[in-house]
Amino acid sequence: MTELGKRLKEAREAKNISLDELQDMTKIQKRYLIGIEEGNYAIMPGNFYVRAFIRQYAEAVGLDPEQIFEEYKQDIPQSYQDEIPQPLSRVKTRQQLSPESTKWLNLLPKLLIAAVVVGIAVIIWLLLQNNAGNKPESQVKKETTTEVESSENSPLEKAKEKAGKQASHNKREKASQQTKKATAPKATLNVVETRGNLSTIELTNTDQFVIELTSKGNSWVEVYNTKGHSFFKGSLTNGQTQTFDLSAETEVFVKIGRTLDVDMKVNGKPFTYPIDPKDEVFQKMKFIFKKS
């Protein structure tokens, strides 16, 4: 085992991350992770992948990749770009174009813009002509109105009175519901205990428990209860959101491989991780839900 492999393995074990969990977090095959720890780079597809895998390993266990590359540069193979064909075919094709062809290519965008402008002008002119020839009949004919006398006891007046009472009743009901909602206790999140990268959190004063996870990068996520049921296990890619209604649960575990890349909401409100993601990238959280 090389000094680099020993350093990476110690960092992984210090964060209580198994090789299987690290494989899910980085999407690097387990045999390659073992090869990195043992310094066996011969099993890798090439030097480029060796450096890429070491970088992902270091980030996952909370180490600075640039510092690792600098300290152990004698142990890490160099990557060379020997497979790029010269000259590039794209450049060669550009050089083979004649000056006349280049001139027409430069004029093409201007011709397209001119065609679009002319087309828009024609459409506007046709619309104006169509509107001028189709005036609504309401502008030509005079409207007549008929007044209908109604007594206080007519069916129309009774219907109006009934509708007014119903509207007043609905308004009182809505005001009552808003008052109850304003006086109801707000949901409370309380961090009970933190050990290593595991935090225990109590959710009280509410009948609803909904977790929303949104990725702004790429992170491994797992959500499951104490009965062994898994709600989600996999990677969240950039922009992807997963929502879990856990109102029927009492205890739920949430594991996030890279908290720097995942925003969490509980019952629609932003959730602050118990440990600063800059200090602990991989975090485990146990939610205890106590209904009001």
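**Entry 1: α3.** I began at the residue just after α3, where G39 takes a positive phi of about 75 degrees. I keep in mind that this is a predicted model. Going back into the helix, I listed the buried residues of α3 as Y32, L33, G35, I36 and E37. I then looked up their packing partners and found α1, α2 and α4.

**Entry 2: α2.** I moved on to α2, where L19, E21, L22, M25 and T26 are buried. Around the helix axis they cover an arc of only 155 degrees, which puts them on the same side of α2. I noted what covers them: the list includes the helices α1, α3 and α4, and also the strands β4 (219-225), β7 (251-256) and β10 (283-291). After α2 comes K27, and I read its phi as positive, near 65 degrees.

**Entry 3: α4.** I checked the length of α4, which runs over residues 47-60. Its 14 residues reach 20 Å from the first C-alpha to the last, close to the 20 Å expected at 1.5 Å a residue. Which residues of α4 are buried? I found V50, F53, I54, Y57, A58 and A60. Viewed down the axis of α4, these buried residues fall within an arc of 160 degrees, so they line one face of the helix. Their cover includes α1 (3-14), α2 (19-26), α3 (30-38) and α5 (65-71). Just after α4 I noted G62, with a positive phi of about 85 degrees.

Entry 4: I turned to the surface next. V116, I120, I124 and L128 form a nonpolar patch there, and together they have about 380 Å² of accessible area. I placed V116 in helix α7, which spans residues 99-133. Is V116 buried or exposed? With a relative accessible area of 51%, V116 counts as exposed, because the cut-off for that class is over 50%.

**Entry 5: whole protein.** I closed with the totals. I counted eight helices and 10 strands in the protein. Of its 292 residues, 29% count as buried. The protein exposes about 20,500 Å², and carbon and sulfur atoms supply 52% of that area. For contacts between residues at least 6 apart in sequence, I noted that 61% join residues at least 24 apart.

Terms used. Residues numbered from 1 in each chain as written. Predicted model: local features only at pLDDT ≥ 70, side-chain atom pairs only at ≥ 80, totals over all residues. Heavy atoms only, no water. Helix = DSSP H or I, 4+ residues; strand = E, 2+ residues; numbered from the N terminus. Buried < 20%, exposed > 50% of the residue type's maximum accessible area, 1.4 Å probe, protein only. Contact = heavy atoms within 4.5 Å. Areas by Shrake-Rupley, 256 points an atom, 1.4 Å probe, with all protein chains shown as cover. Patch = residues over 30% accessible without salt bridge, like charges linked within 9 Å, V, L, I, M, F, W, Y side chains within 5 Å. Salt bridge = Lys/Arg side-chain N within 4 Å of Asp/Glu carboxyl O. Expected span 1.5 Å × (residues − 1). Arc of directions from axis to C-beta.
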